[in-house]
Amino acid sequence: MSEEYSRLVGNIALREIINSLKSGEKTVNAIAEDLKKVSPSGITPLAIELYLWLLQQKGYVQAKGSGPNATYTITDKWKELESKAAK
């Protein structure tokens with residue numbers, strides 16, 4: 001398993017954001033709702049946006065649009081990293 005993958009999935013918030021996006025394209029608010037199912041307190045939309053920004057900078061997530069209506073998806077780069085980690 002790569003160090004990069006371990007670091008990302010070792011962070012509970014990042015792992016849950018990625019898990020939320022595995023079911024398809026979502027807005028920050030939709031991700032926040034998914035995270036409330038995992039943790040009653042959830043994660044604030046601002047924190048989710050910051051995590052998404054980090055994932056975008058690394059090329060693991062891409063955004064369509066901007067502002068509160070932006071939607072996010074996992075990229076092939078993430079899928080490749082995850083696939084390599086599973087081996």
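**Close-up views of a predicted model**

**View 1. Serine S20 in its helix.** With a relative accessibility of 6%, S20 counts as buried (buried is under 20% relative accessible area, exposed over 50%, and partly exposed in between, with a 1.4 Å probe and protein chains only). S20 sits in helix α2, which covers residues 12–21; helices here are DSSP runs of H or I with at least four residues, strands are runs of E with at least two, and both are numbered from the N terminus. Setting aside neighbours within four places in sequence, S20 is in contact with K26, I31, D34 and L35, where contact means heavy atoms within 4.5 Å.

A word on how to read these views: this is a predicted model, in which local features need pLDDT of at least 70, side-chain atom pairs count only at pLDDT 80 or more, and totals for chains, interfaces and linings use all residues. Residues are numbered from 1 along each chain as its sequence is written, and side-chain values use heavy atoms, with hydrogens and water left out.

View 2. Strand β1 (residues 61–64) pairs with strand β2 (residues 71–74) in the antiparallel sense, over 4 bridges; two strands pair if DSSP finds at least two bridges between them. Follow V61 across to β2 and you meet its bridge partner, I74. The hairpin has 6 residues between its strands, and G65 in the turn has a positive phi of about 85°.

View 3. Not counting residues up to four places away in sequence, I74 touches I18, L21, K22, Y60 and K79. The C-alpha atoms of I74 and S23 are separated by 9.7 Å, although these residues are 51 apart along the chain.

**View 4. Stepping back to the whole protein.** The protein has 5 helices and 2 strands, in the order α-α-α-α-β-β-α along the sequence. Its radius of gyration is 12 Å, which agrees with the value near 12 Å for a compact globule of 87 residues; the radius is taken over C-alpha atoms, and the globule rule is 2.2 Å times the number of residues to the power 0.38. Along the principal axes, the C-alpha atoms fill a box of roughly 35 × 30 × 20 Å. Buried residues make up 37% of the 87 residues. Among contacts with a separation of 6 or more, 50% join residues 24 or more positions apart.
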